Amino acid sequence: MDFVFMIPNTEEELKTQLSEPGSFLMTGGTDLLVKVRIGKIKPKRVVSTIRIPTLHFLKDKIDEIVIGATITYSELMDFKPLIKNFPLLYDAIYTVGSPQIRNRGTLVGNVVNASPAGDGLLALYLLNAKIEISDGSVVPVEEFVTGPGQTALPSGEYVRAIHIPKYDWSVHYFEKVGQRNSMTISIASVGWLIRCKNRIIDEFRIAYGSVAPTVLRLRDVEEFAKGKHIDEDFTHSISKMVEERVHPIDDVRGSAKYRKILCANLVYRMIEEGTKC
Amino acid sequence: MQGVTEKHGYFIIGKEVQRVDAFQKVTGQAKFVADFDMKDMLYGVLVLSKYARARVKKIDVSKAKILKGVKAVLTYKDIPGENQLGEVVADMPCLVPEGEEVRYHGDVVALVAADTLKIAKSAAKLVEVEYEELTPILTIEEALKNEYKVHPNGNVLTSKRIRKGNIEAGFADSDVILEDDFYAHYQEQAYLEPQGILATFDNNYGITIYGSMQCPYYVQSAVPKVLGIPMNQVRVIQAETGGAFGGKEDVPSYVASQCALLAYHTKKPVLLVYSREVDIQTTSKRHPIKSHYKLGLSRDGKLKAVEITAHMDMGAYATLSPIVMYRSLVHAASAYDIPNVKVDIDGVYTNKVPCGAFRGFGSPQVLFAMESMVSEAAKRLKMDPIDIRMKNALRVGSRTSTDQVLTESVGAVKTIEHAVKISNYDELKRQVIEFNEKNKFKKRGIGVSHIIYGVSLGAAGQHLDAAGALVQVHRDGTINVHFGNTEMGQGAKTVISMIAAEALGQKMDKIRVDNPDTSYVQDSGPTVASRTTVFGGNAVKSACESIKSRMAKHFAKTRKVPIDEITFENGTVKTSNGEEEDFGKLAQECYDANVKMIERGWFVSPKLYWNPETGIGEAYITYAYATQIVLVEVDMLTGRTQVIEGYTSHDVGKKLNPVGLVGQVQGGFVQGMGYGLFEEIKTSSGKILTDNFNTYIIPTISDIPKKLVIDFVEDDYSQGPFGAKGIGEPSLMPTPAAVANAISDAIGRRIKRIPATQEYVMNLIEEVK
Ligand SMILES: Cc1cc2nc3c(=O)[nH]c(=O)nc-3n(C[C@H](O)[C@H](O)[C@H](O)COP(=O)(O)OP(=O)(O)OC[C@H]3O[C@@H](n4cnc5c(N)ncnc54)[C@H](O)[C@@H]3O)c2cc1C
């Protein structure tokens with residue numbers, strides 16, 4: 001478990017230090033250090049981003065907010081425009097770990113960790129967030145994440161920020177089904193965003209976590225929902241569609257069968273939530 | 001106590017006091033064994049079996065030995081004494097020999113000591129073990145076939161039974177008969193501090209062992225056997241212990257034997273601290289128990305007969321299973337007056353983690369089953385679950401399931417009455433009906449349980465049931481109390497300080513309770529079975545009273561006052577005529593007059609009659625009782641349960657330390673709730689997958705109920721210090737059963753397995769659809 005730990009002060013230093021083979025980036029370390037402890041990764045050096053001022057920022061623009069790479073969950077939750085414009089993201093990150101974990105962990109870490117169970121990640125999928133990379137490119141999160149633990153991040157590069165476009169939604173919902181109320185990794189999670197009037201759907205997005213190799217947006221379900229009236233029949237049909245489209249696996253937290261039941265059942269929450277429009 | 005006036009009011013007993021070890025623990029000054037550091041200290045690491053069952057063909061340590069910084073790599077060949085461990089049955093090798101079988105994934109094949117932990121770990125990986133894989137026994141059913149044997153004498157180690165009354169006649173006499181099967185799974189103790197021992201070698205004492213442990217005297221018997229040295233060369237001192245829950249009853253004897261072997265061979269101090277993963281993989285758990293229950297009742301709800309067969313999964317070694325089984329046996333029919341009782345329990349070997357001691361010792365599993373049956377019977381008879389319990393509850397003069405006549409301190413009925421009152425039971429029921437009418441996807445339910453709990457070791461453990469103390473009053477009036485039982489977070493030092501303060505009439509802050517050291521106090525038995533306050537407390541009390549009466553004699557003589565008019569209270573010695581002295585000044589005077597100011601105390605269990613053939617007799621010296629009512633909400637879409645309210649009433653004999661009591665009940669409730677809901681050991685080919693707190697799920701602060709009302713019934717026990725009985729374990733016992741009954745009530749299907757995980761509950765809900 002021996003490695004060199006470096007704390008660069010500028011992005012230039014960061015880039016140089018990162019170019020050494022066997023180097024790993026660390027922000028909060030709440031994913032990285034767990035993997036180091038169990039021997040899943042064996043870094044030669046660990047390069048921390050946390051002292052770089054140019055990565056520590058929050059911007060509230062007219063059409064988007066921009067979250068710098070070293071902004072912790074706790075900082076993000078204190079950022080007023082977040083609750084106002086993205087209550088779904090707020091709800092999702094509120095379920096991450098514990099206060100201690102949220103004081104260290106970051107949304108960027110959650111994205112690069114690319115776990116299908118990532119709670120922040122699920123919200124970003126729904127919000128059509130974009131990832132800004134140090135080479136100047138900006139990539140939709142769904143393209144950035146390529147598989148479990150895998151991303152399209154070119155070697156030697158790092159994530160600078162996350163951009164989330166603003167958009168008005170009538171209803172937002174996030175739910176994580178874990179094994180207890182906090183400090184829990186999801187067995188299955190779901191989120192949806194609805195734009196509607198008099199319970200008629202104008203626009204709909206839905207995503208599931210922990211039931212596929214990556215977070216799963218169900219585009220055909222989203223298409224199907226357009227123009228529909230939110231009632232029992234509607235949720236029933238959505239539930240059926242979901243059940244056919246998720247392909248979860250068994251793991252130590254729950255069986256594939258249970259996960260499938262959860263995915264189908266969680267949709268019924270819409271009956272109560274739908275009344276909000 | 002002779003000479004000095006017996007007071008009726010107490011100045012410290014029953015009062016709210018600060019925990020004596022709180023400050024050190026909160027500020028981090030308390031040192032746990034992993035914090036110890038000594039000159040030239042080495043680090044120990046285990047080499048564990050890779051299979052559930054395999055023959056060890058060859059162990060090659062040559063590569064490990066030549067690694068720089070490695071000081072010892074030991075195998076069975078290096079054991080100078082007996083290579084056999086086991087508190088009850090010596091069936092467990094300290095290090096598995098070549099030619100013999102490893103019997104579970106945690107068996108130890110070799111030990112390494114090195115200058116650093118990192119080197120020790122690398123060396124452990126270099127130990128080459130050649131195995132011949134064998135078919136493992138992974139279930140109770142496979143074990144009972146006896147096709148493969150975990151140990152040569154067969155897979156059933158022992159069987160225990162109760163035969164009370166006439167079971168056939170009891171069922172013939174019943175109007176309603178119910179039968180069902182239940183399963184209670186493993187539970188991991190999940191103490192915060194993992195197992196750890198520091199063994200030092202020195203020329204004066206031989207070996208001194210410091211460690212996290214409940215039972216220093218077990219360690220002191222085990223280590224000399226393995227090292228082949230006499231007992232007076234091994235001294236055991238308990239270090240601060242960060243939780244134990246039974247998991248540090250006998251296990252530290254094994255850890256200490258491993259560590260002492262390394263110290264013995266290297267002649268250096270060795271620190272052996274288990275990682276969480278090694279700890280969970282190798283150390284004993286609560287036993288899985290499969291049971292079949294048959295209950296007979298009259299139409300009006302009187303229990304006529306109960307017939308129980310149960311099998312305990314002991315895992316690969318017996319550890320404490322035979323005595324755990326004894327407790328399962330006695331508690332299997334719970335807290336009721338039943339004329340006809342038949343119980344059969346078998347302890348079965350499998351190639352899995354050995355099971356042993358855990359808060360409750362084999363009883364929460366059977367109490368869950370019995371309490372489920374009683375609630376089911378109530379439902380069948382259209383009775384309220386409270387009424388059926390009241391009808392069958394034990395009272396003074398009742399006979400327990402082992403036909404023991406209860407003569408005093410039976411607060412059972414009062415706990416039922418109190419639980420009903422504090423929960424506002426009728427209103428609670430009304431609210432649940434109202435809630436369920438309004439909600440489709442969330443359903444609420446109420447669960448009731450009523451339990452009995454035998455205090456201390458009982459008839460089967462009488463040979464261990466004594467405890468000692470050594471009390472010394474110094475010339476400045478401060479006091480050292482040595483006793484033979486341990487503080488492991490439960491508050492033993494605080495209650496012992498209170499007892500010493502009350503018995504001596506000195507202020508509590510003048511008293512220091514020292515960690516047990518086997519060279520001061522005679523073997524006081526284990527710190528288990530909710531016995532410490534009663535046994536250690538009585539021993540300390542009697543030593544204090546002897547010293548006090550000598551001080552009183554001196555005071556009477558020098559002040560020329562009658563001895564029976566002297567009182568000692570809160571640091572002041574007084575007579576009715578206004579003569580007064582400070583406790584410390586009087587101590588100084590006593591020293592100047594050569595008065596003996598040190599004393600031993602020794603408390604022995606009242607003797608119990610017991611017939612192991614019939615399971616009839618006085619099973620325990622006394623019993624604690626409890627009644628619990630819980631309110632749960634089940635999410636019908638996910639199967640998740642939230643306990644939202646809990647009401648629990650406990651008969652404790654006498655409240656000595658009211659703050660400590662509440663702490664015990666809160667902790668017991670939460671640990672019992674975790675067992676009832678989501679603590680689950682998952683295995684694959686006998687290997688534990690849930691080997692850390694990422695996957696082994698224990699409750700967090702956000703899982704505990706918003707409302708937990710705790711109540712105590714005081715019904716003095718004449719043999720207890722100031723009338724007290726135990727609370728450590730009874731605090732947990734009612735909860736798994738109450739939670740399971742509440743879920744059953746909410747979903748309309750009977751919970752037959754704990755933990756009632758969300759997945760299990762979801763499956764039950766789906767079955768109805
Ligand atoms: C106890 C505990 C509870 C947890 N609970 C949850 C939970 O409920 N929900 C959940 O989703 N997650 C949870 N996690 C996982 C973790 O906290 C989150 O994924 C968190 O967002 C990771 O952020 P971090 O800053 O700590 O990442 P780090 O560990 O620092 O990094 C994660 C990965 O991202 C890379 N990385 C870091 N910064 C950059 C960068 N700027 N550019 C490119 N790559 C980078 C690292 O190399 C690493 O591969 C939990 C973890 C723990 C230990």
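**Chat: a surface patch and a ligand site**

Author: This is a predicted model. A:Phe5 sits in strand β1 of chain A, residues 4-6.

Reader: Which residues make the nonpolar surface patch, then?

Author: A:Phe5, A:Ile7 and A:Ile50. Their patch covers about 260 Å².

Reader: Switching to the ligand. Which residues come nearest?

Author: A:Leu25, A:Thr30, A:Asp31, A:Tyr73 and A:Asp119. The ligand has 31 residues around it.

Reader: What does the side chain of A:Thr30 do there?

Author: One of its N or O atoms is 2.6 Å from an oxygen atom of the ligand.

Reader: And which ligand atom does A:Asp119 face?

Author: A nitrogen atom. A polar side-chain atom of A:Asp119 lies 2.6 Å from that nitrogen.

Reader: How about A:Lys176?

Author: An N or O atom in the A:Lys176 side chain is 2.8 Å from a ligand oxygen atom.

Reader: How much of the ligand does the protein bury?

Author: 89% of the 970 Å² that the ligand exposes when taken alone.

Reader: Which elements give two or more residues to the shell?

Author: In chain A, β2 (23-26), α2 (32-37) and α7 (107-113).

Reader: Which gives the most?

Author: α7(A), with 4 residues.

Reader: What's the shell like by class?

Author: 16 nonpolar, 12 polar and 3 charged residues.

Note on methods: Residues are numbered from 1 along each chain as its sequence is written. Chains are lettered from A and ligands numbered from 1 in the order in which they are written. This is a predicted model: local features need pLDDT of at least 70, side-chain atom pairs count only at pLDDT 80 or more; totals for chains, interfaces and linings use all residues. Side-chain values use heavy atoms; hydrogens and water are left out. Patches are made of residues with over 30% relative accessible area and no salt bridge: like charges are joined within 9 Å, nonpolar side chains (Val, Leu, Ile, Met, Phe, Trp, Tyr) within 5 Å. Accessible areas come from the Shrake-Rupley method with a 1.4 Å probe; for residues, only the protein chains shown count as cover. A salt bridge is a side-chain nitrogen of Lys or Arg within 4 Å of a carboxyl oxygen of Asp or Glu. A residue is near a molecule or strand if one of its heavy atoms lies within 4 Å of it. A polar contact is a pair of N or O atoms within 3.5 Å; within protein, one must be able to donate a hydrogen and the other to accept it, and residues adjacent in sequence count only if both atoms are side-chain atoms. Ala, Val, Leu, Ile, Met, Phe, Trp, Tyr, Cys and Pro count as nonpolar, Asp, Glu, Lys and Arg as charged, and the others, Gly among them, as polar.
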